[in-house]
Amino acid sequence: MDLSSLRGIVGEDNVRDNVAELYVYGADASVHQGLPGLVVKPHSIEQVSQIMAYANSQKIPVIARGAGSGMSGHAVPMDTKSIILDMKAMNRILEIKPDDMYCRVEAGVVDDDLNRALKPYGITYPPSPASSRIATIGGEIANNASGLRSVKYGATREYVLGMRLVLANGDIIKLGAKTRVEAAGYQIHRLIVGSEGTLGIVVEATLKCVPIPKYRCLSVATFDQLEKAGDTIGAIIASGAEPSMLELMDDIAIKAVNKTLNMDLPEVEALIFFEADGKVKEAVDHEINSMRLIVEQHGGTVTATSYDLKERTKIFGGRKKLFAALSRYKDGWACTSLADDMAVPYTQMAATARKIHQIADKYGLIMTAYGHCGSGVMHTKILMDPSKKESWDAAKKAVDEIYDFVDEVGGITSGEHGIALSKAPSWKKTHGDMLPVMTKIKFALDPNNILNPGKLQDAPDDWLTATKIRYQML
Amino acid sequence: MEVKYLKDWETEMNTCIRCAYCFEGCPMFKEKGWESDTPRGKVVLAYGLFTGQLEPSDYIAEKILECTFCRDCIQRCSANISVPDILTAARADLVEAGFKYDSHVNLLNKVESSGNIFGKELKAPPHPGKTPVLLGCRFLERSDDAKRYVEILTKLGMEPMTVEDEVCCGMPPGVLGYKDKTNKQKALFRERFPYNEFICMCTTCVFFIRKSYTDLNPTYIIEEIYKRLPEANPRQLGLTVTYHDPCNVGRGMDMVKEPRKILKMIGCDYVEMETFGKEAECCGGGGGVLVTDRELSEKLARKRYRQALDTGAKILVTLCPTCELNLANMAKEDGNKIEVKNLLDLIWEALR
């Protein structure tokens, strides 16, 4: 690789090739560890374009990277020649148009920073994933991110009106519009959302905004049976109620929070958090009350309800701190992002949670089930001793079995964390029909296969050997 | 490289889920912008050293040393990982592997030769009494200030006793990763300051002692003042100030409200900076960065100083003598548009 060419584009200070820096950029929030050849930090669309033109001419892989908070290995390079494009310096908010309800930003803008800037205008960009404090808009687009409130507000794709994209050969193209609807061509920008950096580099996005709701009310309910909680979720959605959040926590999640964080959540089989928001208090009241009724009809007990932010924060504290609780649930065990994010039909929610528990027991692992069940999203983590090879073998079998089950019940491998590496084998197994078409699209846009190669349909069939594993195995 | 100290932190490094939430408030990342400047990046480097996937290098040592131990990352972490502890272990392993720097060695030589970070003979101003008071190197050097601060305790009904021959508590070698020197200094400290319960004037010392000495139970001077001040009927100063939360006080010892309540007790209004309390930005003086890379430390201090200036207050109050020094240097550089004071000075004014 000709370092001087790249330094000529972005400047000496914006290129790093020290092995230690490369090692850092070879990691993300997944179990994978790679090593790129170079890290380059562009500051403009033109620089990205020139870098791509150079990389394409030399057939060097390029991986765009935001915060590197992906859990499936999206930003982990598969080739030691790879260039990591650190997009975090392209972080300007270019335009806020409250009257037209959109904003235009560079790809490196952090989600929370954007929402802080939008707040004075009374508008918000709502898909915010849990990682919104550090996640970049570019990363969220690459992953079609969504979060706690996706049940009402949906995922990123629904908010990307348009974008500027740098193609593999360095061409800069403008996609989409600034309007709410569009019937003009293939709407390629919608295809780019969720393409995990394999089709182009998103450098700028035009994003739909919505008004900030004036009222928000949160309730929590206990259930003595997981199945009753599962049925409640389906019934709430089917009733036409409009929750702004509908979350499930199973008994293991509850115990983890109580044990690790010394909290005193009721140790029942399941908790459901349900929330409504809106401009008119009576309407929010109506939503909350209608959901409360459904909860009670299904044998649940509502234990707290509040509009007050402090109270809501307290009510939701256990769910909010679940990650921390799981990380420290068992000494010496690690909380790994494997089989961490699936979506299943509402009626299969409880059965999926039960299945996850059974599979975990079968393989001597600890797994919990929680998530944005109002959107059908079920999260879990695999807790295991990462130093033992047997743990990883068991985890691999567990992942396979969980995803086989998810497929059987009509679910999908990823609800919001994406496929990349660690979910690719299961996804490829169940979605074979789609792969040749995706490959054709990929090669139409990236004939030299330089954009995040080795991910999605191109990923190895065994995630365990796809890269080094970040943990040291004995 | 043989990893003697990082071994103890393997579980903690595995507990880190690498979510990157620590990026959010990290002053080093905000200043430098590369992922090796983030807490996660530094933990990944430490893990690379631990597993042997990375060979130690000056680049890695530099990154491991470029952390002010401001603890912002801990409060934002999904798993409450104690990054400063991991980095302290990494620093110790790097020192054992021969990565020693002149600025560190010079400082530690001073501590060894004189018992304090200034390398000169310093004595605590004599004050007979019953309750031992530890001044710490920085207040030892500010003898006149220290005298007044000790008097605060007298005015609050205590009988403070200084120990003329007190020496450094071992924080500098401890933070920089010089384990042997730390242990030696700690032993000397115990010999010269043979008390288990005492009042500590310096934020950094009290925080270090609480973490590093299992048998010592120091009270931070502000805790004592906070308890006793209301009964002393302090004078109302009628000032408007801004308050900088030292990292070891706000995040480290969970003391955000106490200094502010004290300000109110002495009739001072305070205007908050852009970041304050648990989210207050670091002044750049901690974690040995001031010794390792003064220029970098000053860049962080400059940012914090600007935040103080933006409040419009004419007085910037803090507690930590290192924060005070770093911020006062920035004020001086900027034509003293704001006066930097220790809260203890205001308390003294209110009690004299």
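Helix H10 of chain A is followed by Gly299(A), whose phi is positive, near 90°; helices here are DSSP runs of H or I with at least four residues, strands are runs of E with at least two, and both are numbered from the N terminus. This is a predicted model, in which local features need pLDDT of at least 70 and side-chain atom pairs count only at pLDDT 80 or more, while totals for chains, interfaces and linings use all residues. Residues are numbered from 1 along each chain as its sequence is written, and side-chain values use heavy atoms, without hydrogens and water.

H10(A) itself comprises the 17 residues 281-297. Within this helix, Val284(A), Glu287(A), Ile288(A), Met291(A), Ile294(A) and Val295(A) are buried, that is, under 20% relative accessible area with a 1.4 Å probe and protein chains only, where exposed means over 50% and partly exposed lies in between. They share one side of H10(A) because they cover an arc of only 120° around the axis, taken from the directions from the helix axis to the C-beta atoms. On the other side, Glu282(A), His286(A) and Gln297(A) are exposed. The buried residues of H10(A) pack against elements of chain A that include helix H8 (226-238) and strand E15 (270-278), contact meaning heavy atoms within 4.5 Å.

Chain A is divided into domain 1 (1-212), domain 2 (215-321) and domain 3 (324-469), with bounds from an automatic or database domain assignment. Across the interface of domains 1 and 2 of chain A the rule finds 2 salt bridges, each a side-chain nitrogen of Lys or Arg within 4 Å of a carboxyl oxygen of Asp or Glu. The side chains of Arg149(A) and Glu275(A) also meet in a salt bridge, at 2.7 Å from N to O.

Terms used
Chains are lettered from A and ligands numbered from 1 in the order in which they are written. The expected span of a helix is 1.5 Å times one less than its number of residues.
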